[in-house]
Amino acid sequence: LSPMQQGLLIHYLNSPGDSHYSEQLVLELTGSIVNQVFNKAWETVIESAPVLRTRFHWEKIDSPVQVVMVNSTFQPRYIDYSSMPLEEAVVQCQAYEARDRTFGFDLRDVPFRVSLCKLATLRYRMIISHHHILYDGWSNSIILHRFFIAYHAFFIGEGVSFPTNPSY
């Protein structure tokens, strides 16, 4: 682990259940979203960014380590509130966001998750949650840029690939 990650791990171990270093980004999306394309776009981003496949181990070893999984077990969560009036759908999704923020992470599993709330036809909220031990806020723009490029390419039936980020 980097020195910063070691510090974050110490905070995590000293305050189990604390969500202080849980980060959440919420984006309002409009347009048609196809779940299979959404999945494929995220899988492509995760394949190119080893940090999004990283778990942390510290038990029964001398020094904590990060382990990059060869394959991703990523599964986005889909919540459909579109059968409700829009105002109620927004309130329900915001309640979900609040629960997700306080849910926390088990660093022994990849501390990264994405949820997509459908509010109405062509209206969505994408919720990206991660533990700060994975990456900082500056990395969000890179991750999102890749996601939107991949989604667009797959949506129109084209392929896309990204260079794999160098590992730490």
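From the N terminus on, the elements of the chain run α-β-α-β-β-β-α-β-β-α, which comes to four helices and six strands; here helices (H or I, at least four residues) and strands (E, at least two) are DSSP runs, numbered from the N terminus. The model is a predicted one, so local features were taken only at pLDDT of at least 70 and side-chain atom pairs only at pLDDT 80 or more, while totals for chains, interfaces and linings use all residues. Residues are numbered from 1 along each chain as its sequence is written, and side-chain values use heavy atoms, with hydrogens and water left out.

Along the principal axes, the C-alpha atoms fill a box of roughly 55 × 35 × 25 Å. Of the 168 residues, 40% count as buried, where buried means under 20% relative accessible area, exposed over 50%, and partly exposed in between (1.4 Å probe, protein chains only). Among contacts (heavy atoms within 4.5 Å) with a separation of 6 or more, residues 24 or more positions apart account for 67%.

Helix α1 covers residues 3-14. Its 12 residues should span 16 Å at 1.5 Å a residue, and the end C-alpha atoms are 17 Å apart, which agrees; the expected span is 1.5 Å times one less than the number of residues. The buried residues of α1 are Q5, L8, L9 and Y12. They cover an arc of only 105° around the axis, which puts them on the same side of α1; the arc is that of the directions from the helix axis to the C-beta atoms. An α-helix has 3.6 residues a turn, so residues three or four places apart point the same way. The buried residues of α1 pack against β2 (54-57), β3 (65-68) and β6 (123-131). On the other side of α1, P3, I10 and N14 are exposed.

Helix α2 (residues 35-48) has 14 residues and reaches 20 Å from its first C-alpha to its last, close to the 20 Å expected. Its buried residues are V37, F38, A41, W42, T44, V45, I46 and S48. What covers them includes β4 (77-80), β5, β6 and α4 (138-155).

Next come the charged pairs. The whole structure holds eight salt bridges, each a side-chain nitrogen of Lys or Arg within 4 Å of a carboxyl oxygen of Asp or Glu. In one of them R55 pairs with D109, the closest N and O atoms being 3.5 Å apart. R55 lies in strand β2 and D109 in the loop between α3 (86-103) and β5 (112-120), so the pair ties together parts that are 54 residues apart in sequence. R55 is partly exposed at 21% relative accessibility, and D109 is partly exposed at 36%.

E97 and R125 also meet in a salt bridge, at 2.6 Å from N to O. This pair links distant parts of the chain, with E97 in helix α3 and R125 in strand β6, 28 residues apart. E97 is buried at 6% relative accessibility, and R125 is buried at 9%. Another salt bridge brings R113 and D100 together, again at 2.6 Å, N to O. R113 belongs to strand β5 and D100 to helix α3, 13 residues apart, and both residues are buried. Salt bridges that share partners join E28, E97, R123 and R125 into one network.

On the cysteine side, a search of the whole structure finds zero disulfides, a disulfide being a pair of cysteine sulfur atoms within 2.5 Å. C93 is buried, with a relative accessible area of 0%, and C117 is likewise buried at 0%.

K60 has a phi near 60°, a positive value in a residue other than glycine. K60 sits in the loop between β2 and β3 and is exposed, at 88% relative accessibility. L122, too, is a residue other than glycine with a positive phi, near 70°. The place of L122 is the loop between β5 and β6, and L122 is partly exposed, with a relative accessible area of 44%.
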